[in-house]
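Take a look at the chain shown here before reading on.

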Amino acid sequence: MIELKGKPVADDIKERAFKRVEELRSQGIIPKIATIRVGDDPGDIAYEHGICSRAEEMGIDIKQKVFAGDISQERLLAKIAAYNEDQDIHGVLIFRPLPKQFDDKTICKALDFRKDVDGITAGSMAGVFTGSGEGFPPCTAEACIRMLDYYGYDLTGKKVTVFGRSLVIGKPVTVMALDRNATVTICHSRTTPEILREAGKNADVLITAVGRANFLTRDLTGEDQIILDVGINDDGAGGICGDVDPQAASAAAAASPVPGGVGSVTTAVLMDHVVTAAARSALQEK
Ligand SMILES: Nc1nc2c(c(=O)[nH]1)N[C@@H](CN(C=O)c1ccc(C(=O)N[C@@H](CCC(=O)O)C(=O)O)cc1)CN2
(Lines give C-alpha, C1' and ligand atoms only; values in the text may rest on other atoms or scores of the structure.)
Protein backbone atom coordinates (compact mmCIF):
# COMPACT_ATOMS: atom_id res chain seq x y z
CA MET A 1 0.00 0.00 0.00
CA ILE A 2 1.28 3.45 -0.92
CA GLU A 3 0.80 5.94 1.90
CA LEU A 4 -0.61 9.20 0.59
CA LYS A 5 1.07 11.58 2.97
CA GLY A 6 -0.31 15.08 3.33
CA LYS A 7 2.99 16.83 4.08
CA PRO A 8 4.39 17.13 0.52
CA VAL A 9 0.98 18.33 -0.71
CA ALA A 10 0.68 20.86 2.13
CA ASP A 11 4.29 22.03 1.57
CA ASP A 12 3.60 22.60 -2.12
CA ILE A 13 0.48 24.66 -1.35
CA LYS A 14 2.26 26.63 1.38
CA GLU A 15 5.30 27.36 -0.80
CA ARG A 16 3.14 28.89 -3.52
CA ALA A 17 0.97 30.76 -1.02
CA PHE A 18 4.05 32.07 0.80
CA LYS A 19 5.29 33.71 -2.43
CA ARG A 20 1.93 35.46 -2.71
CA VAL A 21 2.15 36.56 0.94
CA GLU A 22 5.55 38.15 0.24
CA GLU A 23 4.13 39.93 -2.80
CA LEU A 24 1.15 41.25 -0.82
CA ARG A 25 3.35 42.32 2.09
CA SER A 26 5.57 44.28 -0.34
CA GLN A 27 2.38 46.22 -1.26
CA GLY A 28 1.66 46.86 2.42
CA ILE A 29 -1.08 44.22 2.67
CA ILE A 30 -0.74 41.70 5.49
CA PRO A 31 -3.08 38.75 5.04
CA LYS A 32 -5.04 38.19 8.23
CA ILE A 33 -7.38 35.47 9.49
CA ALA A 34 -9.71 35.78 12.47
CA THR A 35 -10.80 32.60 14.24
CA ILE A 36 -13.83 32.36 16.52
CA ARG A 37 -14.10 29.51 18.99
CA VAL A 38 -17.09 29.05 21.30
CA GLY A 39 -16.33 26.71 24.20
CA ASP A 40 -13.48 24.29 24.74
CA ASP A 41 -14.11 21.40 22.37
CA PRO A 42 -10.81 19.46 22.15
CA GLY A 43 -11.22 18.99 18.36
CA ASP A 44 -11.63 22.74 17.85
CA ILE A 45 -8.62 23.47 20.08
CA ALA A 46 -6.45 20.96 18.18
CA TYR A 47 -7.50 22.48 14.85
CA GLU A 48 -6.95 26.02 16.20
CA HIS A 49 -3.45 25.02 17.27
CA GLY A 50 -2.66 23.77 13.73
CA ILE A 51 -4.04 26.98 12.19
CA CYS A 52 -1.92 29.17 14.50
CA SER A 53 1.32 27.32 13.71
CA ARG A 54 0.65 27.39 9.99
CA ALA A 55 -0.28 31.10 9.96
CA GLU A 56 2.83 31.98 11.93
CA GLU A 57 5.19 30.08 9.62
CA MET A 58 3.59 31.74 6.57
CA GLY A 59 3.61 35.35 7.74
CA ILE A 60 -0.18 35.49 7.98
CA ASP A 61 -1.58 37.48 10.90
CA ILE A 62 -4.09 35.78 13.16
CA LYS A 63 -6.63 37.15 15.60
CA GLN A 64 -8.10 34.53 17.92
CA LYS A 65 -11.38 35.11 19.70
CA VAL A 66 -12.54 32.60 22.28
CA PHE A 67 -16.01 32.83 23.85
CA ALA A 68 -17.33 30.86 26.82
CA GLY A 69 -19.62 28.03 25.72
CA ASP A 70 -22.76 29.73 27.10
CA ILE A 71 -22.63 33.08 25.24
CA SER A 72 -25.74 34.26 23.43
CA GLN A 73 -26.29 34.10 19.70
CA GLU A 74 -26.51 37.94 19.64
CA ARG A 75 -22.94 38.25 20.97
CA LEU A 76 -21.59 35.89 18.38
CA LEU A 77 -23.50 37.68 15.61
CA ALA A 78 -22.12 41.03 16.82
CA LYS A 79 -18.55 39.68 16.63
CA ILE A 80 -19.11 38.35 13.10
CA ALA A 81 -20.58 41.72 12.06
CA ALA A 82 -17.52 43.49 13.48
CA TYR A 83 -15.16 41.19 11.55
CA ASN A 84 -17.21 41.71 8.37
CA GLU A 85 -16.54 45.46 8.72
CA ASP A 86 -12.87 45.19 9.70
CA GLN A 87 -10.84 45.94 6.55
CA ASP A 88 -7.69 44.38 8.05
CA ILE A 89 -9.35 40.96 8.40
CA HIS A 90 -9.50 39.01 5.14
CA GLY A 91 -10.79 35.64 6.32
CA VAL A 92 -12.95 34.43 9.21
CA LEU A 93 -13.10 30.84 10.47
CA ILE A 94 -15.76 29.84 13.00
CA PHE A 95 -15.07 26.50 14.66
CA ARG A 96 -18.04 24.21 14.13
CA PRO A 97 -20.24 22.53 15.06
CA LEU A 98 -21.29 25.29 17.46
CA PRO A 99 -22.95 24.58 20.83
CA LYS A 100 -26.68 23.81 20.72
CA GLN A 101 -28.00 27.31 21.58
CA PHE A 102 -26.91 28.58 18.15
CA ASP A 103 -28.89 28.39 14.96
CA ASP A 104 -26.19 27.28 12.55
CA LYS A 105 -27.96 28.63 9.44
CA THR A 106 -28.30 32.12 10.99
CA ILE A 107 -24.62 32.14 11.97
CA CYS A 108 -23.43 31.00 8.53
CA LYS A 109 -25.67 33.59 6.85
CA ALA A 110 -24.17 36.40 8.96
CA LEU A 111 -20.67 36.03 7.53
CA ASP A 112 -19.65 38.12 4.51
CA PHE A 113 -19.04 35.43 1.88
CA ARG A 114 -15.93 37.28 0.67
CA LYS A 115 -14.36 36.45 4.05
CA ASP A 116 -15.79 32.93 4.17
CA VAL A 117 -12.49 31.03 3.84
CA ASP A 118 -14.05 27.73 5.03
CA GLY A 119 -17.00 27.63 2.62
CA ILE A 120 -19.90 27.88 5.09
CA THR A 121 -22.05 30.52 3.36
CA ALA A 122 -24.62 30.05 0.63
CA GLY A 123 -22.44 32.34 -1.55
CA SER A 124 -19.46 29.98 -1.26
CA MET A 125 -21.61 26.92 -1.86
CA ALA A 126 -23.09 28.56 -4.96
CA GLY A 127 -19.51 29.08 -6.15
CA VAL A 128 -18.82 25.34 -5.76
CA PHE A 129 -22.04 24.27 -7.48
CA THR A 130 -21.96 26.76 -10.37
CA GLY A 131 -18.19 26.94 -10.81
CA SER A 132 -18.42 30.75 -10.69
CA GLY A 133 -15.25 30.98 -8.57
CA GLU A 134 -16.97 33.13 -5.96
CA GLY A 135 -16.35 32.51 -2.26
CA PHE A 136 -14.32 29.44 -1.30
CA PRO A 137 -15.00 25.70 -1.19
CA PRO A 138 -14.88 24.07 2.26
CA CYS A 139 -11.17 23.47 2.96
CA THR A 140 -11.40 19.72 3.59
CA ALA A 141 -13.31 19.06 0.37
CA GLU A 142 -10.71 21.02 -1.59
CA ALA A 143 -7.91 19.22 0.30
CA CYS A 144 -9.19 15.85 -1.02
CA ILE A 145 -9.05 17.05 -4.61
CA ARG A 146 -5.62 18.65 -4.08
CA MET A 147 -4.34 15.31 -2.71
CA LEU A 148 -5.56 13.43 -5.80
CA ASP A 149 -4.14 16.09 -8.16
CA TYR A 150 -0.77 16.12 -6.41
CA TYR A 151 -0.40 12.33 -6.53
CA GLY A 152 -1.42 12.30 -10.18
CA TYR A 153 -4.78 10.49 -9.93
CA ASP A 154 -6.96 11.61 -12.83
CA LEU A 155 -10.63 11.12 -11.93
CA THR A 156 -11.86 11.11 -15.55
CA GLY A 157 -14.00 8.03 -16.08
CA LYS A 158 -13.37 6.80 -12.52
CA LYS A 159 -15.95 5.66 -9.99
CA VAL A 160 -15.79 7.60 -6.73
CA THR A 161 -17.76 6.65 -3.62
CA VAL A 162 -18.13 9.26 -0.90
CA PHE A 163 -19.20 8.14 2.58
CA GLY A 164 -20.98 11.05 4.31
CA ARG A 165 -23.34 13.69 2.93
CA SER A 166 -22.39 16.75 4.98
CA LEU A 167 -22.23 20.26 3.54
CA VAL A 168 -18.65 20.46 4.81
CA ILE A 169 -17.25 17.49 2.88
CA GLY A 170 -19.63 14.95 1.31
CA LYS A 171 -21.72 17.25 -0.88
CA PRO A 172 -19.00 19.68 -2.03
CA VAL A 173 -16.39 16.96 -2.70
CA THR A 174 -19.01 15.16 -4.81
CA VAL A 175 -19.48 18.23 -7.01
CA MET A 176 -15.73 18.78 -7.24
CA ALA A 177 -15.16 15.15 -8.30
CA LEU A 178 -17.99 15.49 -10.87
CA ASP A 179 -16.20 18.55 -12.26
CA ARG A 180 -13.19 16.27 -12.78
CA ASN A 181 -15.37 13.86 -14.77
CA ALA A 182 -15.81 11.17 -12.13
CA THR A 183 -19.03 9.21 -11.61
CA VAL A 184 -19.90 9.67 -7.97
CA THR A 185 -22.01 7.70 -5.47
CA ILE A 186 -22.79 9.20 -2.06
CA CYS A 187 -23.53 6.86 0.84
CA HIS A 188 -25.08 8.05 4.10
CA SER A 189 -26.74 6.90 7.31
CA ARG A 190 -29.84 5.64 5.45
CA THR A 191 -27.94 3.73 2.76
CA THR A 192 -28.76 0.05 3.11
CA PRO A 193 -25.91 -2.34 4.06
CA GLU A 194 -26.17 -4.03 0.64
CA ILE A 195 -25.82 -0.78 -1.30
CA LEU A 196 -23.06 0.38 1.05
CA ARG A 197 -21.04 -2.77 0.36
CA GLU A 198 -21.63 -2.62 -3.38
CA ALA A 199 -20.73 1.07 -3.59
CA GLY A 200 -17.61 0.47 -1.50
CA LYS A 201 -16.39 -2.59 -3.35
CA ASN A 202 -16.99 -1.29 -6.89
CA ALA A 203 -15.37 2.14 -6.66
CA ASP A 204 -11.93 3.19 -7.84
CA VAL A 205 -11.66 5.91 -5.19
CA LEU A 206 -13.21 5.92 -1.70
CA ILE A 207 -13.56 9.10 0.36
CA THR A 208 -14.68 8.61 3.96
CA ALA A 209 -16.04 11.55 5.93
CA VAL A 210 -18.24 9.86 8.49
CA GLY A 211 -16.53 10.73 11.77
CA ARG A 212 -16.55 7.19 13.20
CA ALA A 213 -13.34 5.30 13.98
CA ASN A 214 -13.00 2.01 12.04
CA PHE A 215 -16.16 2.75 10.02
CA LEU A 216 -14.66 1.56 6.72
CA THR A 217 -13.93 -2.11 7.27
CA ARG A 218 -12.33 -4.51 4.78
CA ASP A 219 -15.71 -6.06 3.84
CA LEU A 220 -16.76 -2.65 2.43
CA THR A 221 -13.71 -2.22 0.20
CA GLY A 222 -12.56 -3.81 -3.04
CA GLU A 223 -9.27 -4.31 -4.87
CA ASP A 224 -6.70 -1.82 -6.14
CA GLN A 225 -8.50 1.18 -4.65
CA ILE A 226 -7.41 4.63 -3.53
CA ILE A 227 -8.74 5.62 -0.11
CA LEU A 228 -8.84 9.15 1.27
CA ASP A 229 -9.60 9.13 4.98
CA VAL A 230 -11.11 12.44 6.04
CA GLY A 231 -12.29 11.32 9.47
CA ILE A 232 -10.79 12.94 12.55
CA ASN A 233 -11.78 10.93 15.61
CA ASP A 234 -10.56 10.64 19.16
CA ASP A 235 -8.41 7.48 19.33
CA GLY A 236 -9.02 7.12 23.07
CA ALA A 237 -5.31 7.50 23.82
CA GLY A 238 -4.91 11.26 23.53
CA GLY A 239 -4.45 11.25 19.75
CA ILE A 240 -6.56 11.19 16.60
CA CYS A 241 -7.52 8.43 14.17
CA GLY A 242 -9.51 8.33 10.94
CA ASP A 243 -12.58 6.44 9.69
CA VAL A 244 -10.68 3.63 7.98
CA ASP A 245 -9.98 0.32 9.65
CA PRO A 246 -6.24 -0.56 9.42
CA GLN A 247 -6.97 -3.82 7.53
CA ALA A 248 -8.95 -1.95 4.87
CA ALA A 249 -6.18 0.66 4.57
CA SER A 250 -3.40 -1.90 4.15
CA ALA A 251 -5.38 -3.80 1.47
CA ALA A 252 -5.76 -0.61 -0.66
CA ALA A 253 -3.45 0.37 -3.51
CA ALA A 254 -2.97 3.74 -1.79
CA ALA A 255 -4.45 5.30 1.34
CA SER A 256 -4.04 8.52 3.29
CA PRO A 257 -3.14 8.16 6.98
CA VAL A 258 -4.63 9.97 9.98
CA PRO A 259 -2.84 11.93 11.30
CA GLY A 260 -0.51 13.06 8.54
CA GLY A 261 -2.93 12.86 5.60
CA VAL A 262 -5.79 15.08 4.41
CA GLY A 263 -5.87 17.01 7.76
CA SER A 264 -2.54 18.73 7.21
CA VAL A 265 -3.56 19.66 3.65
CA THR A 266 -6.82 21.16 5.00
CA THR A 267 -4.91 23.70 7.08
CA ALA A 268 -2.64 24.58 4.14
CA VAL A 269 -5.73 25.10 1.92
CA LEU A 270 -7.20 27.38 4.60
CA MET A 271 -4.05 29.54 4.52
CA ASP A 272 -4.19 29.61 0.72
CA HIS A 273 -7.79 30.85 0.91
CA VAL A 274 -6.80 33.65 3.32
CA VAL A 275 -4.10 34.80 0.91
CA THR A 276 -6.58 34.72 -2.00
CA ALA A 277 -9.14 36.67 0.06
CA ALA A 278 -6.47 39.30 0.83
CA ALA A 279 -5.49 39.54 -2.84
CA ARG A 280 -9.15 39.86 -3.90
CA SER A 281 -9.78 42.63 -1.35
CA ALA A 282 -6.69 44.49 -2.60
CA LEU A 283 -8.07 44.32 -6.15
CA GLN A 284 -11.45 45.64 -4.98
CA GLU A 285 -9.80 48.64 -3.35
CA LYS A 286 -8.07 49.66 -6.59
N1 LIG B 1 -14.85 25.46 10.98
C2 LIG B 1 -14.34 24.25 11.25
N3 LIG B 1 -14.26 23.84 12.53
C4 LIG B 1 -13.73 22.63 12.77
C5 LIG B 1 -13.30 21.82 11.72
C6 LIG B 1 -13.41 22.30 10.39
O7 LIG B 1 -13.03 21.63 9.40
N8 LIG B 1 -13.94 23.53 10.20
N9 LIG B 1 -12.79 20.58 11.96
C10 LIG B 1 -12.96 19.98 13.25
C11 LIG B 1 -12.16 18.74 13.10
N12 LIG B 1 -11.30 18.36 14.17
C13 LIG B 1 -11.85 17.66 15.19
O14 LIG B 1 -12.99 17.56 15.47
C15 LIG B 1 -9.89 18.51 14.01
C16 LIG B 1 -9.34 19.06 12.89
C17 LIG B 1 -7.95 19.16 12.76
C18 LIG B 1 -7.11 18.69 13.75
C19 LIG B 1 -5.64 18.77 13.60
O20 LIG B 1 -4.91 18.41 14.50
N21 LIG B 1 -5.13 19.18 12.44
C22 LIG B 1 -3.73 19.17 12.16
C23 LIG B 1 -3.43 18.09 11.14
C24 LIG B 1 -3.81 16.74 11.64
C25 LIG B 1 -3.52 15.63 10.65
O26 LIG B 1 -2.36 15.44 10.28
O27 LIG B 1 -4.47 14.93 10.24
C28 LIG B 1 -3.37 20.53 11.57
O29 LIG B 1 -4.25 21.38 11.45
O30 LIG B 1 -2.18 20.74 11.27
C31 LIG B 1 -7.66 18.13 14.88
C32 LIG B 1 -9.04 18.03 15.01
C33 LIG B 1 -12.83 20.97 14.36
N34 LIG B 1 -13.60 22.18 14.04
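**The whole chain**

This is a predicted model. The chain holds 10 helices and 11 strands. Its radius of gyration is 19 Å, close to the 19 Å that the globule rule gives for 286 residues, so the chain is as compact as a globular protein of that length. Along the principal axes, the C-alpha trace spans about 50 × 40 × 35 Å. Of the 286 residues, 43% count as buried.

How much of the contact count comes from residues 24 or more positions apart? Take the contacts with a separation of 6 or more: such residues account for 69% of them.

**Two annotated spans**

UniProt, in an unreviewed entry, lists residues 4–118 as "domain: Tetrahydrofolate dehydrogenase/cyclohydrolase catalytic". An unreviewed UniProt entry also gives "domain: Tetrahydrofolate dehydrogenase/cyclohydrolase NAD(P)-binding", which covers residues 138–280. The table sets out the computed values for each span.

| Span | Distance between end C-alpha atoms | Helix content | Strand content |
|---|---|---|---|
| Residues 4–118 | 23 Å | 50% helix | 16% strand |
| Residues 138–280 | 18 Å | 40% helix | 17% strand |

**The nonpolar core**

The largest nonpolar core has 79 residues. Those with the most contacts inside this core are V92, C144, M147, V160, I207, M271 and V274. Helix 10 gives the most to this core, with 10 residues.

Now follow one of these residues. Leaving out residues up to four places away in sequence, V92 touches A34, I36, I80, Y83, L111 and K115.

**Around the ligand**

The ligand is surrounded by 21 residues. The closest are G43, A46, G50, P259 and G263. Which elements each supply at least two residues of the shell? They are helix 2 (42–58), strand 4 (91–94) and helix 10 (262–285). Helix 2 provides the largest share, five residues. Sorted by class, the shell has nine nonpolar, nine polar and three charged residues.

**P138: a loop residue**

P138 sits in the loop between helix 5 (122–130) and helix 6 (139–150). Is P138 buried or exposed? P138 is buried, because 27 other C-beta atoms lie within 10 Å. The cut-off for buried is 20 or more. Setting aside neighbours within four places in sequence, P138 is in contact with D118, G119, V168, I169 and P172. P138 and R54 are 84 residues apart in sequence, and their C-alpha atoms are 18 Å apart in space.

**D204: another loop residue**

D204 is found in the loop between helix 8 (193–202) and strand 7 (205–208). D204 is partly exposed, because it has 18 other C-beta atoms within 10 Å. That class lies between the buried cut-off of 20 or more and the exposed cut-off of 12 or fewer.

Which residues does D204 contact, leaving aside its neighbours within four places in sequence? They are K158, K159, V160, Q225 and I226. V160 is also among the core residues with the most contacts. D204 and G157 are 47 residues apart along the chain, yet 9.8 Å separates their C-alpha atoms.

Technical notes
Residues numbered from 1 in each chain as written. Predicted model: local features only at pLDDT ≥ 70, side-chain atom pairs only at ≥ 80, totals over all residues. Near = placed C-beta within 6 Å. Helix = DSSP H or I, 4+ residues; strand = E, 2+ residues; numbered from the N terminus. Nonpolar A, V, L, I, M, F, W, Y, C, P; charged D, E, K, R; others polar. UniProt positions renumbered as here; feature names shortened; annotations may be inferred. Rg over C-alpha atoms; globule rule 2.2 N^0.38 Å. Contact = placed C-beta atoms within 7 Å. Core = buried A, V, L, I, M, F, W, Y, C linked by C-beta atoms within 7 Å.
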